[in-house]
2 protein chains.
Amino acid sequence: MTSAERLHDRADEFPDSPYCAAFQATLELLGRRWTAAIMRALFAGPVRFNEMGRLIPGISHRLLTERLAELQQAGLVERREDGATQLYRLSEQGRDLRRIFEAVEAWNRRWLVEDAHARASG
Amino acid sequence: MTSAERLHDRADEFPDSPYCAAFQATLELLGRRWTAAIMRALFAGPVRFNEMGRLIPGISHRLLTERLAELQQAGLVERREDGATQLYRLSEQGRDLRRIFEAVEAWNRRWLVEDAHARASG
């Protein structure tokens, strides 16, 4: 199921415009725990399942599998067999999320991280 | 350099870094139901509480109050007395979220809304 289809299914949850529904659906998906870390790993290039676990220390095998399946279902990540393992990479739709990530990170750097540093050293 | 090595160099950005936590916190806040609609109303300028209800048809008084309180607590929205009513406006930090909203909306237009339209007319 693509993210557009999922969104369509959920349209009755959102009384107003498709923009509002889409906005919320996108942020909910990206805001799930570990999803940003997985996406960031994939922005650098295709990653094998077992590498992913090393690149994102702390994530459980179960959660990694679950998040990757969600991202595939949303059409953001593609998987293919690679010998005995699975190779994951971003779809064009997934790669295009980069601008959102950059905008969020720029805002966080400006308003949250610097702030936290200022407080820590203040 | 493989993507894994490139990524390893960036290990401090992963996933227990303040960046990840901040990323998730920001998306969770903005992804709550009605929050985007409220922010969008405020991007246009200060809004009185009772106007807000008209600008965002469908939101309950209780939820509007709750969401505005959350946004105030996060430092994104400021409130002041205005005669018998309350006037809400974005803080500088809140106004600066505009780039994130624009990035999410551009992505949604490209990948979700056009897609949904194509399916609706297909």
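In the predicted model, Asp96(B) and Arg99(B) form a salt bridge in which the closest N and O atoms lie 3.0 Å apart. Arg110(A) counts as partly exposed, with 39% relative accessibility.

Over all chains, the salt bridges number 24. One of them joins the side chains of Asp82(A) and Arg48(A), with an N to O distance of 2.8 Å. This pair links distant parts of the chain, since Asp82(A) belongs to strand β2 (residues 77–82) of chain A and Arg48(A) to strand β1 (residues 47–48) of chain A, 34 residues apart. Asp82(A) is partly exposed, its relative accessible area being 24%, and Arg48(A) is likewise partly exposed, at 34%. Salt bridges with shared partners also connect Arg32(A), Arg62(A), Glu66(A), Arg67(A) and Glu70(A) into one network.

The strands of chain A that carry Asp82(A) and Arg48(A) belong to an open sheet of three strands, ordered β1-β3-β2 and paired in the antiparallel sense. Strands β1 and β2 of chain A form the edges, each pairing on one side only. Strand β3 (residues 85–90) of chain A runs antiparallel to β2(A), to which six bridges join it. Within this pairing, Asp82(A) has Thr85(A) in β3(A) as its bridge partner.

Two helices of chain A lie across this sheet. Helix α3(A) lies across β1, β2 and β3 of chain A and runs at about 90° to β3(A). Helix α5(A) lies across β2 and β3 of chain A, at about 115° to β2(A). The two helices, α3 (residues 35–43) and α5 (residues 61–73) of chain A, also pack against each other, with their axes 10 Å apart and at an angle of about 70°. This angle makes α3(A) roughly perpendicular to α5(A). On the α3(A) side the contact involves Thr35(A), Ile38(A) and Met39(A), which meet Leu64(A), Arg67(A), Leu68(A) and Leu71(A) of α5(A). By class, the residues in this contact are five nonpolar, one polar and one charged.

In chain B, strand β3 (residues 85–90) is mostly covered, with five of its six residues buried. Strand β1 (residues 47–48) of chain B pairs with β3(B) in the antiparallel sense through two bridges, and Arg48(B) has Leu87(B) as its bridge partner in β3(B). Strand β2 (residues 77–82) of chain B is joined to β3(B) by six bridges, and the two strands run antiparallel. Here Glu81(B) stands opposite Gln86(B) of β3(B). The hairpin formed by β2(B) and β3(B) has two residues between the strands, and Gly83(B) in this hairpin adopts a positive phi near 65°.

Conventions: Residues are numbered from 1 along each chain as its sequence is written. Chains are lettered from A and ligands numbered from 1 in the order in which they are written. This is a predicted model: local features need pLDDT of at least 70, side-chain atom pairs count only at pLDDT 80 or more; totals for chains, interfaces and linings use all residues. Side-chain values use heavy atoms; hydrogens and water are left out. Axes are lines fitted to C-alpha atoms, for helices over the stretch in contact, and angles run from 0 to 180 degrees between N-to-C directions. Helices (H or I, at least four residues) and strands (E, at least two) are DSSP runs, numbered from the N terminus. Angles under 35 degrees count as roughly parallel, over 145 as roughly antiparallel, 65 to 115 as roughly perpendicular and the rest as oblique. Contact means heavy atoms within 4.5 Å. Ala, Val, Leu, Ile, Met, Phe, Trp, Tyr, Cys and Pro count as nonpolar, Asp, Glu, Lys and Arg as charged, and the others, Gly among them, as polar. Buried means under 20% relative accessible area, exposed over 50%, partly exposed in between (1.4 Å probe, protein chains only). Two strands pair if DSSP finds at least two bridges between them. A salt bridge is a side-chain nitrogen of Lys or Arg within 4 Å of a carboxyl oxygen of Asp or Glu.
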